[in-house]
Amino acid sequence: MKKLFLFITVLMIPALRPAVAQKEADPVVNQLVVVANNPGPVICKDIYGHFSEHLGACIYGGIWVGKGSDIPNTDGIRNDVLFALRELQIPNLRWPGGCFADTYHWKDGIGPQHKRASIVNTHWGGVTEDNSFGTHEFMRLTELLGCEAYINGNVGSGTVQEMAEWVEYLTSDSDSPMTRLRKEYGREDPWKVRYFAIGNENWGCGGNMTDEYYASVMRRFSTYLNNYGENMLYRVACGPYDYNFAWTETLMKDEATRGRFQGLSIHYYSLVDGWNNKGSATGFGEREWFRTLSANLQMDPIIKGHKAIMDRYDPLKIKGLVVDEWGNWFDVEPATNPGFLYQQNTLRDALSAAVHLNIFNVHADRVKVANLAQTVNVLQSVILTRDDKMILTPTYHVFRMFRVHQDARLLSTDLRCEEYTFEGNSIPAISASASADIRGRVNISLANLNPGKEISLACPVIGETFSSVTGEILTSDAINSHNTFSEPEKVKPEPFSDFRYKDGVLTVRLPSKSVVVLELSK
Ligand code: AHR
């Protein structure tokens, strides 16, 4: 219906007819029609969420340095990282895993630091975990960031009682053993917890369960996850990976109209040549560039497939799709612990982030939460740290540029663009999405995936006129440009003005391998 509306609108506007006709005659005309006067669903800000696991130097060293550290900190949380994350307006943070979540026993991480149990982090490097970062520290972090807490409970090796007590400890105001314990450990008032996941990857590291088995287990756990006071949990059931549609079918069929979960998770990582050949994060050529972006674009059919199943069982779209792990997964940096998943981050990752975020925006009717893996020092991080130093990655800058879409309303767009072809395979050369915020500003986010060609794009913006346009660009000279501790600003956003706005049409010259965000205001 929306497509039809868009098509008719395009044909009815005389200024656009020549462009459409030209398109038919010349297949390489690049055009993005933006319908500005008919906003669609809200792009839930939680699509711009992050994920921090007890893995490598994400928590320890990356976020948590402890109160006695020489690194400037607030209650043990490093200030430089805190300020950088605040700048992103991160809406929610997922913790403590990942695979770690299904080995995590939350009571190990409360109470006086010196009395906390040390455990071995069996999933990630076999290192000793002293539990100095636990529930109170995580909740303090979310308070300092002003973001929602997304806690992932332990189904794989935990009990129903343990999970139920965690929710009670966190959110209840009544007098009970759990709330007394919380008060004894220094927190009088309950916290607010929005998102709570019932296990992680329970088809794999979270217990190697079948879909039917997990559906039953999840029902049981969910029954005891209570809403206390005004805290309303958004329960997230473990969903599938990639194209595993059978898992979604089973979960949705079992759930039907019941309210056992409000969101269904899905994980998708982009790989260059499969799990055994992930390739270097920095030493790569155009083949790997192309294959990475092709893999990133798979997020669209993956979401469409799961959406179609959810639409059958939940046509009113009450339940959300929660893409709570996504990103590029490359080989670890040379001479680093293979269990720590530490990888550099280049301009390629910036393009990847833009492609994903545009896809999530476009599916805002169903995708309600998404979490990049992971926040600091792990996989496609937004921040890298070394001792007391911190750098922002190209991925960070894309999240900063795209934050304008948070809680804005999706605008219908129609993109016709040339292809970017490499060694006989093709992908669309442009990725795009657009939204309107509550102040009537329209933001258009674009990426030119072709590393060797500037592209001129015509954007007829229908239904509204604007008096000013501003822009920002992220690009660099090489496809593998990245920031280092000695050159931290090699890749950073710059003002962008290579556009023209005339008679309602915005014409933009997108440099090769670039991400551009344009703001149109009245
Ligand atoms: O993000 C790293 C790991 O990838 C997570 O722990 C797990 O959920 C996924 O397989």
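Colleague: What is the bridge partner of Ile455 in β26?

Modeller: Leu510 is the partner of Ile455 there. Strand β22 (residues 455-462) and β26 are joined by 6 bridges and run antiparallel. Two strands pair if DSSP finds at least two bridges between them.

Colleague: Before we go on, what are the ground rules here?

Modeller: This is a predicted model, so local features need pLDDT of at least 70 and side-chain atom pairs count only at pLDDT 80 or more, whereas totals for chains, interfaces and linings use all residues. Residues are numbered from 1 along each chain as its sequence is written, and side-chain values use heavy atoms, with hydrogens and water left out.

Colleague: Fine. Which strands form the open sheet, and in what order?

Modeller: The order is β17-β1-β22-β26-β25, 5 strands with mixed pairing. β17 (412-416) and β25 (499-502) each have a single partner strand, so they stand at the edges and one side of each is left without a neighbour in the sheet. On average, neighbouring strands are turned by 15° against each other, direction ignored. For that angle, axes are lines fitted to C-alpha atoms (for helices, over the stretch in contact), and angles run from 0 to 180 degrees between N-to-C directions.

Colleague: How many bridges join β25 to β26?

Modeller: There are 4, and β25 runs antiparallel to β26 (residues 505-510). Lys502 has Val505 as its bridge partner in β26. That hairpin has 2 residues between the strands, and Asp503 takes a positive phi near 50° in it.

Colleague: And what does phi do in the hairpin of β18 and β19?

Modeller: Glu423 takes a positive phi near 45° there, and again the hairpin has 2 residues between the strands. β18 (residues 419-422) and β19 (residues 425-428) run antiparallel with 4 bridges, and Thr421 has Ser426 as its bridge partner in β19.

Colleague: Where are the cis peptide bonds you flagged?

Modeller: One joins Trp95 and Pro96, with omega about 5°. Pro96 lies in the loop between β5 (92-95) and β6 (119-121). Another runs from Ala373 to Gln374, with omega near -10°. Gln374 lies in the loop between β13 (367-373) and β14 (383-386).

Colleague: What does the side chain of Gln374 do around the ligand?

Modeller: One of its N or O atoms is 3.0 Å from an oxygen atom of the ligand. A polar side-chain atom of Glu53 lies 2.7 Å from a ligand oxygen, and one of Glu325 lies 2.8 Å from a ligand oxygen. A polar contact here is a pair of N or O atoms within 3.5 Å; within protein, one must be able to donate a hydrogen and the other to accept it, and residues adjacent in sequence count only if both atoms are side-chain atoms.

Colleague: How much of the ligand does the protein cover?

Modeller: 94% of the 290 Å² of accessible area that the ligand has on its own. Those areas come from the Shrake-Rupley method with a 1.4 Å probe, and for residues only the protein chains shown count as cover.

Colleague: Last one: how many residues of α12 are buried?

Modeller: 9 of its 9, so helix α12 (residues 394-402) is mostly covered. Among them are Tyr396, Phe399 and Arg400.

Definitions and conventions. Buried means under 20% relative accessible area, exposed over 50%, partly exposed in between (1.4 Å probe, protein chains only).
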